[in-house]
Amino acid sequence: MSTEITVTVNGTEHTASVEPRLLLAHFLRDVLDLTGTHIGCDTSQCGACTVHLNGEAVKSCTVFAVQANGSEVKTIEGVADGETYSNVQQAFWDEHGLQCGFCTPGMIMTTEALLKQNPNPTEDEIRTGIAGNFCRCTGYQNIVNAIGVAAKAGR
Amino acid sequence: MPVTTFGESVRRTEDPRLITGRGKYVDDIRLAGMAHISFVRSPYAHANIKNIDTTAAANAPGVIAIFTGADLQEQLGGLPVAWLLPDLKQPKHPPLAFETVRYVGDAVAVVVADTPYQATDAAELVEVDYEVLPAIVNAERATKDGAPEVHPEAPNNIGFDWSIGAGDWDEVIKDPDVIVVKEEIINQRLIPNSIETRGVVADFDPGRENLTLYTSTQIPHLVKMLYAMVTGTPEQKVRVIAPEVGGAFGSKLYLYAEEVVCGIVSKQLGRPVKWIEARSEAYIATTHGRDHIGVAEMAGKKNGEILGIKIDLYANLGAYLSLFAPLIPSYFFGLMLGGVYKMPNISCHVYGVFTNTTPVDAYRGAGRPEATYVVERMLDRFAAEIGRDPVAVRRKNMLASHKNGRTVTLGVTYDSGDYKANLNKALEMFDYPAFRAEQRTARREGKLLGVGLCTYIEISGAAPSAVASSLGAGAGLWESAAVRVHPTGKVTVYSGTSPSGQGHETAWAQLTSSELGVPMEDIEILHGDTDQGQFGTGTFGSRSVAVGGAAIHKSVTKIIAKATIIAAHIMESDPKFVTFEGGSFAVEDIPDKTMTFQEVAGAAYGAANLPPGMEPGLDETSFFDPTNFTWPYGAHIAVVEIDQDTGKVDLIRYVAVDDVGNVLNPMIVDGMLHGGIAQGVGQALTEAAVYTDDGQLLSGSMMDYAMPTADIFPKFESDRTVTPSPVNELGVKGAGEAGTIAASPAVMNAVIDALSHLGVRHMNMPATSEKVWRAIQDAKETQRAARAAARNPRKQGS
């Protein structure tokens, strides 16, 4: 059984026939070949698969592709403006906010949404804001720094 | 990016691809005709396989093939062990079990299908008839008579019985004036949890009979060699590629069953296959760490002088020996029991014990965190017993500074260190007297505030191969590097190290740039592909810069030497009058005679005017085998505040002063330390693998295993002292594991310190709210009983 869906991803409209059980994360990775969205767990804990669904950060392993039908999705591949990085991407680079890079796409997508909601977060608000995303490499310190720097750059 | 210098915080060259979603991890590899694999794993910790019925699964949509352990028994061989202790029991470790399963997660069959969903669906339909056997998970209980037997080859489940020591502990404690403290030390089992799970793409080319194995590993070259050995494949027919690796922490340091199975299945089917480990699978199928049960004792005098340490340990090996499993709780543990102290008497006995659990092997720090925890926890326990400040006890027993080797109690030689200066720097940053004053005030107000220290030392830079071999290593532990200068003067470096987030591409380019005077963007760093470069060892044990970096330095040195001769020849001078600085060769005292590095590279390949007898080209390979390990050390200080009513521990301050020798890229080193500290704090406060008595992993998902999140940490305050290592010409020691080693004891010492006035002296990790709350209640009860007894002494006697 398949269902036809149309999803706009990073500004491009895609129509595909998918199984109803197909996760949005797998749709992005395996159907559209947008492999920047990573999958780090199977219980919606790690946040590596975070994307924006109609402007809100969601864990794309917890959304069925069919639920995204008619929606706008933004993934890590759509964050930079051509070769110009977003403030968040730039700050992650400048502040060494990543090591192995596997959690990074999800962390950046969460941060983009966080700063949209709260452009001027305190350190505590940053730490709470990214508590749904696991990083095993950085101890979060330089991620928190990067988010602070990105917030400042956005003001 | 211009030419860089050693010691500069250069931004990472890896990051542009990683912040834009262009990194290519194993799961991002798509090959034409690629099929997908799902493993059928045992739900029982111990059982005999009576029958496997694959009929229903074979008829499921998309299924291409199903193989059981019995089907592939001949081709798969047995998984290897690379560290052999005397009398080590080595039960056969089949990649797919075919008679008996020995832990939950032991794979028994493999399903190949067109899509991952189909493979997973069909794996559910494989019916395995198990005869369930009694299981054992606790390493100490496993050694007792009557315990279930994991392997017939290992009576009482003892895989090895190993001791190390010096001095005479029994003699020390005969003295009635000697104070001995004793505690049960449980270093709980941890689950590494790199955010990228493991994964393999195996691509057998039936025409050339070559196998390419893409795998998320720290050791591509060793995987290649070991795969060839266990499967009987000619080594030159195997190519292993470690693409982007999303974290490892020791858990990707072995030849795994899935790598062998995927390779063999690809060969059987003549097409590429992919296996990506689900997180729930990673919890049971990827190695775990730690899991020690021991009794530790420390002896000393009332004046604070420590006379010795003793530990009797049961180290859980899990169901099979993983590649380095025998090393971790033996030498990497026992050799560290002297810490940074004089410690004249050491007694260590370790049983390595088989149980019906996931195999246990290296996890960040690997043996050294466990040892440091024993030493540092027992030191504080001893200090409390004699009523002295733990800082004073540390100072009293610390080794004196040395620059070029000091042989310590167990016979190893620490490379260099000024341990007291390092501790002093940390204490100054922290302002220890001010904290103690604050703590007194807090206690008067009924608050629970505590400080904990850890002054650690560790073994890094593995390893001098001959020494390692004498201790049981089955492979050389040197590192290699090839530096290839192209005719245009651009440079490609191939390193045998293989990163999983450490930033090798940046660090190696920075090192090469600083030495050759070539801009970083002109240098390409290759790694993790066994067909692109010579054999190498890999990335683990904080070895990459100290051994791999030193190998690059060696090759660069050879390049400069050859280029100098060429430059001298062309400039009609003698090499001894030619200097090389900032990428330019010059003849001393003749200002207009210079050649750029790029011009010399062109001349080396043009070969029109080379010194007589010199071979063309500028391409050097080196193998660096160090003469000693390196020994990073440091002082970490943690402060916790505990909620009286809930037992919740808040880590409110963390100061770290590490000495990792010279530092190539401070930004990267700081980042590694932060991550290490977080993992150590995780062990102290949140993480624990928990099994039921019948071997079911209760903490088998990220919902149940408490991974530390950003909101539990304060901002770490870190600094350094620098004592260059004499072991390598770069003076570096390694920084990958320091944070993890230091943090668990520092935090636990802080927790106990916060509760010490209530009479609490020890607690095992993790210090969860429940455990701390119970300790507070027990301590209060004890105090109440003591007060009651004091009020009414007669009643107590009746």
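Trainee: Why is A:H96 called buried?

Mentor: A:H96 has 25 other C-beta atoms within 10 Å. A residue is buried if 20 or more other C-beta atoms lie within 10 Å of its own, exposed if 12 or fewer, and partly exposed in between, with C-beta atoms placed from the backbone. So A:H96 counts as buried. Keep in mind that this is a predicted model, where local features need pLDDT of at least 70, side-chain atom pairs count only at pLDDT 80 or more, and totals for chains, interfaces and linings use all residues. Residues are numbered from 1 along each chain as its sequence is written, while chains are lettered from A and ligands numbered from 1 in the order in which they are written.

Trainee: Where does A:H96 sit, and what sets its phi apart?

Mentor: A:H96 is in the loop between α2 and α3 of chain A. Its phi is near 60 degrees, a positive value in a residue other than glycine. Most residues other than glycine have a negative phi, and most peptide bonds are trans.

Trainee: Why does B:R290 count as buried?

Mentor: B:R290 has 28 C-beta neighbours inside 10 Å, so B:R290 counts as buried. This residue lies in strand β13 (residues 289-300) of chain B. Its phi is positive too, about 65 degrees, although B:R290 is not a glycine.

Trainee: Which peptide bonds are cis?

Mentor: One joins B:A462 and B:A463, with omega about -5 degrees. B:A463 is in the loop between β18 (448-457) and α15 (465-470) of chain B. Another runs from B:M765 to B:P766, with omega near -10 degrees. B:P766 lies in the loop between α20 (738-755) and α21 (769-791) of chain B.

Trainee: What makes α3(A) mostly covered?

Mentor: Of its 14 residues, 11 are buried. Among them are A:T104, A:M107, A:I108 and A:L115. The cover includes β3 (50-53), β4 (56-59), α2 (87-94), α4 (123-129) and α5 (141-154) of chain A, together with α1 of chain B. Helices (H or I, at least four residues) and strands (E, at least two) are DSSP runs, numbered from the N terminus.

Trainee: How does the length of α3(A) compare with what is expected?

Mentor: Helix α3 (residues 104-117) of chain A reaches 20 Å from its first C-alpha to its last, close to the 20 Å expected at 1.5 Å a residue. The expected span is 1.5 Å times one less than the number of residues.

Trainee: What makes α17(B) roughly perpendicular to α18(B)?

Mentor: Helix α17 (residues 544-570) and helix α18 (residues 597-606) of chain B pack at about 85 degrees, with their axes 10 Å apart. Angles under 35 degrees count as roughly parallel, over 145 as roughly antiparallel, 65 to 115 as roughly perpendicular and the rest as oblique. So α17(B) is roughly perpendicular to α18(B). Axes are lines fitted to C-alpha atoms, for helices over the stretch in contact, and angles run from 0 to 180 degrees between N-to-C directions.

Trainee: Which residues meet there, and how do they divide by class?

Mentor: B:A563, B:I566, B:A567 and B:I570 in α17(B) meet B:F597, B:V600, B:A603 and B:A604 in α18(B). The contact has 8 nonpolar, no polar and no charged residues. Ala, Val, Leu, Ile, Met, Phe, Trp, Tyr, Cys and Pro count as nonpolar, Asp, Glu, Lys and Arg as charged, and the others, Gly among them, as polar.

Trainee: How many residues does each chain give to the contact between chains A and B?

Mentor: Chain B gives 43 residues and chain A gives 42. Two residues are in contact if their C-beta atoms, placed from the backbone, lie within 7 Å. On the side of chain B, α19(B) gives the most, with 6 residues. That side has 16 nonpolar, 16 polar and 11 charged residues.

Trainee: What are the domains of chain A, and how many residues touch?

Mentor: Chain A is divided into domain 1 (3-78) and domain 2 (87-154). Such bounds come from an automatic or database domain assignment. In chain A, 15 residues of domain 1 are in contact with 11 residues of domain 2.
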